[in-house]
Amino acid sequence: MTNELVIQAENLTKTFGSFTAVDAISFSVRKGEIFGFLGANGAGKTTAMKMLIGISTPSAGKATVAGFDVSSEAEKIKKNIGYMSQKFALYDDLTVKQNITFFGGIYGLSRAQIKLKTAELVEELDLKEVVNQLVGALPLGWKQKISFSVSLLHNPKIVFLDEPTGGVDPITRRQFWEMIYKAANNGTTVFVTTHYMDEAEYCDRVSIMVNGKIEALDSPKNLKTQFGVENMNDVFLKLARG
Amino acid sequence: MKTIGYIIQKEFRQIFRNKAMLPIIFIMPLFQLIILSNAATFDVKNIKFSYIDHDHSAMSRALIEKFNTSSYFNVITDFPSAALANSAMLSGEVDVILEIPQHFERDLAKDKYAPLGITINAIDGAAAGIENVYISQIIQGFNRNIRPELMQQGQASNLMKSINTIPLFWYNETLNYKTFMVPGILVLLVTMITLFLSGMNIVREKEIGTLEQINVTPIKKSQFIIGKLFPFWVIGLALLSVGLIIAKLIFDVPMLGSLVLMYGYTSVYILVILGIGLFISNFTDTQQQAMFISWFFIVIFILMSGLFTPIESMPKWAQTITDFNPIKYFVQVMRMVMLKGSSLTDIMPQLLKTLAFAVIMNGLAVWSYRKTS
C-alpha cells in the first residue's frame, strides 16, 4: 500500500429536492486499499458511490477519482474504474462467454485480449462447465463471482462493489473475499459497501455512514478500541442507533 | 466503430435467443397484413335491399329485377306495407327500402314521369352515400331502357340526346381496394413493430439494471444508440421485404416504381420511428409506461395518416397536424411508388420532410439520453 490517493472527496453532497441523501462527506482512499463503506439501509451509501463512479452529478462539494473530477471528467473516470452494482447486472439471456465478450468489447479490449481473458477466467473460477450456459440459469453465487471478474476485465485502477455478497452463502462469501484480496494484492483499489460486519473486519479501513454523514472512519481495530467494543457489529450498532 | 460492432452483436444475440420474439416480429404482422387487407375494404357490397311494390305491374317487376341482378344488392324481402318495412329497417334487417307507388306503370306511360320512394339507413353516412349512388345508377339505367318503349308511335324525334359520362379510373383501374390497402397496411406494420421494439428496448435494460452497468463504462452515447438501433433498422427493412413479397404473391399488387427508391425511402423513414421509440424510452422508467405512450402516438399517427380516411376531408386544423405525421408521408410514398411508379423527383417533398424528422428525432433522442443523472 502506498500513500498515493486514488479517491478524494471533499464535502461531497447530493440532494433530491429538500432531502439530503449525502451530506457533505469528506474522505480519501489510498491506492491498493480495501475500503469498506458501511451504513444502514438508506444511509446514502449507494448515492455516494454513484457520484464517485460518474453516473450521478454531485449537488455540491467535489471529488476526484483516479485523478479526474467527478463532475467534469466523468467519462475519463469510467475508463479507470470497474463497477459491480447491487442489482445483478450481467445479461441473463446471454451466455457467460457472450457476457465477457460484450463487456470486454465495450471497454475496448481486442478480440485476442478477450479470448485470453476468457480463458483465464474459465481457469480461475473453474467455469469450464458453465461458460456456454445462460447466465440466468446459474446460481446467485456464481453470478456474483463472474460479475466481479467482468468488472475487472479491463484492469481498472479502482473497483467499486455495491453489496457484492448480498444473499449468498458463507462459503461463497469467503471465496468472494479471497478474490477481493487477490485484486487488492495486484494493486487494484477496492471500494466496497456491505451489510455484513464480519466482512467489515476484512477491510483495511472502514467508514460508517449515518443519515448521509460519515460518523466514523478508521481501521476496524482502531474503531473497536475507540468505541470500547469487541467487534464491528457493536461499533455499527452504537453508531447507527445514535 | 469496433465498440458499435460489439453492441450490435449482443443485440442480435438477444433477439435470436428469445424464441418467442421472432414469430412476434415476423409472423404476426403477416397475419395482420393478410387479414386486414382482405377485411378493411371500402367497397359497399351485399346491401340488404327490400321493396314495397304497390303497383304489381310488368314495369315495377322489371325495376326490381334490375336491383336483383346487381351484384351490390341482395334482394331480401317484399314488404306489403311501409310500416312493416320501416320496422325491419329499425331492427337492422334491411339497409334500403324502395317504394313503388300505385299506378307506377300507368303514370310513366301517360305522363312520362313517376315518383319513387327510396329510404336508406344512413347511420354509416359514407356507406349510405355510396348506396345512394348505386341506386341512382340503377334507376337511371332503367330509365334509359324504358324510354324507347314509352316513346313509340313516331315520337322518336323527341328522343333526348343523353349525355354519357365515362369515368376513367387511373392507377387502380379495377378499383380494387386491396391494391389500395395493402401498401398502407404494410406501412402500419413496419411502423408498429419498429416503434414498439425500440421503445421497449432501452427501458427494459433500465428495468433489469443492466443500463446502469452500461452507463459506468466509457462507451459514447452515440455508439450505444447506433448499436442499439441498428438491429431494429435491419428488422424493419426485413419486414418490408417480407411484406412486399406477400403483396406481390398473394394480393398481386403491382410494383411499378423502383425497389431501390422504396428501400431508400424506408431506410430514412425507419430512422424517424426508431428516434421516436428511443425518445420515449428515455423518458419512461418501465416498459408499461413506454407501451402506453407508444400506443398513444401510434393511434394518432395511424388515424391521421390518410390510411383509412382521406386527409382532404379532415377539418383544416387536423390537416395541419397531419403535416407532422411521418406515417402520412410513408403511406403517400408507398402508394405513389408502388401504384404510380413515381420517381425520386416525385417523392422528393416527402423524402426531405422525412429526412428532417429523422434528424430532429434522433437528435432529441441522443440529447435526452443521459449517462449521468
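Predicted model: local features only at pLDDT ≥ 70, side-chain atom pairs only at ≥ 80, totals over all residues.
In which hand of crossing does helix 10 of chain B pass helix 14 of chain B?

**View 1. Helix 10 and helix 14 of chain B.** Helix 10 of chain B passes helix 14 of chain B in a left-handed crossing. The axes of helix 10 (residues 259-283) and helix 14 (residues 344-368) of chain B come within 8 Å and cross at roughly 25°. Angles under 35 degrees count as roughly parallel, and helix 10 and helix 14 of chain B are therefore roughly parallel to each other. On helix 10 of chain B, the residues that make the contact include B:L261, B:Y265, B:V268, B:G275 and B:F279. On helix 14 of chain B, they include B:L344, B:I347, B:L351, B:A358 and B:M361. By class, this contact of helix 10 with helix 14 of chain B has 19 nonpolar and 5 polar residues, and no charged residues.

**View 2. Transmembrane annotation of chain B.** An unreviewed UniProt entry gives the annotation "transmembrane region" to several spans of chain B, among them residues 259-280 and 347-369. Residues 259-280 of chain B are 100% helix and 0% strand, and the end C-alpha atoms of this span lie 31 Å apart. Residues 347-369 of chain B are 96% helix and 0% strand, with end C-alpha atoms 33 Å apart.

**View 3. A four-stranded sheet in chain B.** This open sheet of chain B has 4 strands in the order 2-1-3-4, with mixed pairing. Strand 2 (73-78) and strand 4 (117-120) of chain B each have a single partner strand, so one side of each is left without a neighbour in the sheet. On average, and with direction ignored, neighbouring strands of the sheet are turned by 25° against each other. Strands of a sheet pair through backbone hydrogen bonds, either parallel or antiparallel. Strand 1 (residues 47-53) and strand 3 (residues 96-100) of chain B pair in the parallel sense over 5 bridges. Within this part of the view, B:S50 stands opposite B:I97 in strand 3 of chain B.

**View 4. Helices packed on the sheet of chain B.** Helix 3 (residues 58-69) of chain B packs on the sheet and touches strand 1, strand 2 and strand 3 of chain B. The direction of helix 3 makes about 175° with that of strand 1 of chain B. Helix 4 (residues 82-90) of chain B also packs on the sheet, where it touches strand 1, strand 3 and strand 4 of chain B. The direction of helix 4 makes about 170° with that of strand 1 of chain B.

**View 5. The contact between chain B and chain A.** Chain B gives 20 residues to this contact, and chain A gives 23 residues. On the side of chain B that touches chain A, helix 1 (2-17) and helix 8 (210-215) of chain B are the elements that give two or more residues. Helix 1 of chain B gives the most, with 7 residues. The residues on this side of chain B divide into 5 nonpolar, 10 polar and 5 charged.

**View 6. Helix 8 and helix 9 of chain A.** Helix 8 (residues 220-227) and helix 9 (residues 232-240) of chain A pack at an angle of about 60°, with their axes 9 Å apart. That angle makes helix 8 of chain A oblique to helix 9 of chain A. The crossing of helix 8 and helix 9 of chain A is left-handed.

Definitions and conventions
Residues numbered from 1 in each chain as written. Chains lettered and ligands numbered in written order. Axes fitted to C-alpha atoms, helices over the stretch in contact; angles between N-to-C directions. Parallel < 35°, antiparallel > 145°, perpendicular 65-115°, else oblique. Left-handed = near helix turned anticlockwise from the far one by under 90°. Contact = placed C-beta atoms within 7 Å. Nonpolar A, V, L, I, M, F, W, Y, C, P; charged D, E, K, R; others polar. Pairing = 2+ DSSP bridges. UniProt positions renumbered as here; feature names shortened; annotations may be inferred.
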